[in-house]
Amino acid sequence: MPHSQTSAHRDSLVGARLARGASPWLLPTVATAAVSLLRARRSGAAKAVAVPATALAAGAPEREIAPGRVISPADGVVQSIMPWKDGRTRVAIFMSPLNVHVNRAPLAGTVTSVEHIPGGFVPAFNKESENNERVVWHFDTELGDIEMIQIAGAVARRIVPYIPEGTKVEQGERIGLIRFGSRVDIYLPEGVDVAVEVGQKTVAGVTRIDRD
């Protein structure tokens, strides 16, 4: 892809085709969704399958990015909010198998590093998931360095970054994907207050994470 293409154009290209890394599980899901929708009128069990299967088959829909200094990088539920020794605050977002698994840039800036770290695959809601397979992102932003970590879960066996180190991104731009259930952590700089609560649902590119 030519370096001159804007981040908005990159995002539109991703939206115009199948999300990279999604093909191994999308086709079976589409088939399940189609069959369950056809049978839903006659079967309660089919209705139960049709809703999540159709949601998964829909993939990563286009959405309008909301205003805010720091917005959620993931669809999911806030699992924990923890103060860190260096003054930052970690907000952990759990992504279930029914969530959209494309992650977005929490702020506009430049990707200063993208590091893959091998590890295990225990459930992402488990404390031991701290040692799971992960990709660690760092962004140079107006708030300084922002760290974001994509963590693979028991089912999510692959993390697919979309963009390399040195790329300039817009807030809310798609930056990568984690297959199925997983977790995304974002570290807010010292002095930045958290606007979300544990148990709150988040929408990537829409839910504001920080408070003025």
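Colleague: What makes a residue count as buried here, and how many of the 212 do?

Modeller: Buried means under 20% relative accessible area, with over 50% called exposed and anything in between partly exposed (1.4 Å probe, protein chains only). By that cut-off, 46% of the chain's 212 residues are buried. Keep in mind that this is a predicted model, where local features need pLDDT of at least 70, side-chain atom pairs count only at pLDDT 80 or more, and totals for chains, interfaces and linings use all residues. Residues are numbered from 1 along each chain as its sequence is written, and side-chain values use heavy atoms, leaving out hydrogens and water.

Colleague: What makes a set of residues a nonpolar core, and which have the most contacts inside the largest?

Modeller: The set must be buried Ala, Val, Leu, Ile, Met, Phe, Trp, Tyr and Cys residues joined through side-chain atoms within 4.5 Å. The largest here has 32 residues, with V91, W137, F139 and I175 having the most contacts inside it. Strands supplying at least two residues each include strand 2 (89-95) and strand 9 (174-178).

Colleague: How do you know that I175 touches W137?

Modeller: Contact means heavy atoms within 4.5 Å, and I175 touches W137, F139 and M148, among others.

Notes: Helix = DSSP H or I, 4+ residues; strand = E, 2+ residues; numbered from the N terminus. Lists of a residue's contacts leave out its neighbours within four places in sequence.
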